[in-house]
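Please look over the sequence and the structure below before reading on.

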Amino acid sequence: MRPATKIARLDAIRQALLQTRVGSQQQLSEILRDQGIEVTQATLSRDLDDLHAIKMRYPDGTLAYWIPDSSDQTVLEAATVIGGEAGEESKTEQYLSKILSGLITSVVTTGNLLVMRTPAGAAQYAASALDRQSLDGVLGTIAGDDTVLVITSDASVAQERAHWLIGMTSGDE
């Protein structure tokens with residue numbers, strides 16, 4: 001059973017796209033309905049945009065939605081992307097801004113480490129959003145319940161990313 005929240009719905013969509021080749025919003029809507037999630041076409045379209053889902057042609061010729069992941073670069077290069085370019089910096093910032101706005105309560109750096117605080121229960125979601133993007137100088141994240149540790153390549157990158165995160169989530173970027 002899933003809570004009736006946008007975050008839960010986005011997670012259900014992400015899981016559906018990871019487990020099944022979904023070729024249409026209608027097919028995705030049916031998958032969600034089977035899970036007890038009713039969604040309008042307009043909401044589903046916005047959710048796919050929030051997840052940066054794109055349609056791509058797989059090597060076998062099928063068209064299906066796919067969510068870009070920095071670890072899937074070889075798949076992206078081998079396929080023909082339909083409808084936009086993955087990996088644009090502005091798209092990354094838009095995606096992270098939508099996900100992280102309202103989730104980051106504070107950011108502190110020490111050396112090459114960045115400590116990001118979130119409301120209780122939100123740290124893993126925030127860390128996952130960061131991990132899915134290819135961010136220069138960010139080596140990885142570790143998440144607890146309300147704290148995300150972001151490991152960067154050096155102290156200057158940690159400071160730069162801290163300012164970037166605060167600016168992005170407060171709408172200053």
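The model described here is predicted.

Arg14 is part of helix α1, which covers residues 6–19. Which residues does Arg14 contact when neighbours within four places in sequence are left aside? The contacts are Leu51, Ile67, Tyr95, Tyr125 and Arg132.

One of these partners, Leu51, sits in the loop that runs between α3 (41–50) and β1 (54–57). Is Leu51 buried or exposed? Leu51 counts as buried because its relative accessibility is 2%. Apart from residues up to four places away in sequence, Leu51 touches Leu10, Ile13, Arg14, Ile67 and Tyr95.

| Residue | Location | Relative accessibility |
|---|---|---|
| Leu51 | loop between α3 (41–50) and β1 (54–57) | 2% |

### The protein as a whole

The protein contains seven helices and seven strands. Read from the N terminus, their order is α-α-α-β-β-α-β-α-β-β-α-β-β-α. Of the 173 residues, 39% are buried. The accessible surface is about 9,200 Å², and carbon and sulfur atoms account for 49% of this area.

Contacts can also be sorted by separation in sequence. Taking contacts between residues at least 6 apart, 54% join residues at least 24 apart.

### The cavity

How many cavities of 30 Å³ or more are counted in the protein? The count is one. The space in the largest cavity is about 40 Å³.

Its lining consists of Leu130, Leu135, Val138, Val150, Arg161, Trp164 and Leu165. By residue class, six of the lining residues are nonpolar, none is polar and one is charged. Arg161 is the charged one, because Arg belongs to the charged class.

Which helix gives the most to the lining of the largest cavity? That helix is α7, made up of residues 155–169, and its share is three residues. Arg161, Trp164 and Leu165 are the lining residues that fall in the range 155–169.

Note on methods. Residues are numbered from 1 along each chain as its sequence is written. This is a predicted model: local features need pLDDT of at least 70, side-chain atom pairs count only at pLDDT 80 or more; totals for chains, interfaces and linings use all residues. Side-chain values use heavy atoms; hydrogens and water are left out. On a 1 Å grid over the protein atoms alone, a cavity is a set of points where a 1.4 Å probe fits but cannot get out, and a pocket is an open set with protein on both sides within 12 Å along at least five of seven lines; lining residues have an atom within 4 Å of a point. Grid points are joined across faces, edges and corners, and a volume is the space filled by probe spheres set on the points. Helices (H or I, at least four residues) and strands (E, at least two) are DSSP runs, numbered from the N terminus. Buried means under 20% relative accessible area, exposed over 50%, partly exposed in between (1.4 Å probe, protein chains only). Contact means heavy atoms within 4.5 Å. Accessible areas come from the Shrake-Rupley method with a 1.4 Å probe; for residues, only the protein chains shown count as cover.
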